[in-house]
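Student: Could you take me through one part of this structure closely? I would like to follow a single residue and what surrounds it.

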Amino acid sequence: MRRIKGSPNEEDTCSSPSRDDHVPVYTLVLVLVLSVCTRFYKITEPPHVCWDETHFGKMGSYYINRTFFFDVHPPLGKMLIGLAGYLTGYDGTFPFIKPGDKYEHHNYWGMRAVNPSSIYAYL
């Protein structure tokens, strides 16, 4: 224990941080690292279109290609998917016709990695 400078009462003291004060920070970092590792583990599998990717991937491609389309739902999630695809090198040419179509040479992992549910996980 040490005295607080300028304290009128000599009994006023503060303790220096102990190792136990850092436990919540270490726990938070551990959970964050584990969550990122489990999120990105085998992100490229399966190498074909999965269920909702037929819709959201297609709309992400529309945003990348600046093609007009109408959707009744708010656009932010699809815009984020399009932005993730654009930033990771996806060119917006895959047709996303039906589940099970092979991606072949298209760079699709970015749109899987950065989707709206992932953003909530990172927060």
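Tutor: Phe 96 has a relative accessible area of 1%, so Phe 96 is buried (buried means under 20% relative accessible area, exposed over 50% and partly exposed in between, with a 1.4 Å probe and protein chains only). This is a predicted model, in which local features need pLDDT of at least 70, side-chain atom pairs count only at pLDDT 80 or more, and totals for chains, interfaces and linings use all residues. Residues are numbered from 1 along each chain as its sequence is written, and side-chain values use heavy atoms, with hydrogens and water left out.

Leaving aside neighbours within four places in sequence, Phe 96 is in contact with Val 49, Glu 53, Thr 54, Gly 57, Lys 58, Ser 61, Tyr 90, Tyr 103 and Met 111 (contact means heavy atoms within 4.5 Å).

Take Tyr 103 from that list. Tyr 103 counts as buried, at 3% relative accessibility. A pair of aromatic rings is described by the distance of the centres and the angle of the planes. Rings of Phe, Tyr and Trp (its six-membered ring) pair if their centres lie within 6.5 Å; planes under 30 degrees apart count as stacked, over 60 as edge-to-face and the rest as tilted. The whole structure has 7 aromatic pairs. One of them joins Tyr 62 and Phe 69, which are tilted, with 5.1 Å from centre to centre and 40° between the planes. The ring centres of Phe 96 and Tyr 103 are 6.0 Å apart and their planes are at 70°, so this pair is edge-to-face. Phe 96 and Tyr 103 also belong to one aromatic cluster with Tyr 90, Phe 94 and Tyr 108.

The largest nonpolar core has 9 residues, among them Phe 96, Tyr 103, Val 49 and Met 111. Such a core is a set of buried Ala, Val, Leu, Ile, Met, Phe, Trp, Tyr and Cys residues joined through side-chain atoms within 4.5 Å.

Now the helix H2, residues 53–65. Helices (H or I, at least four residues) and strands (E, at least two) are DSSP runs, numbered from the N terminus. Just after H2, Arg 66 takes a positive phi of about 55°.

Methods
Expected span 1.5 Å × (residues − 1).
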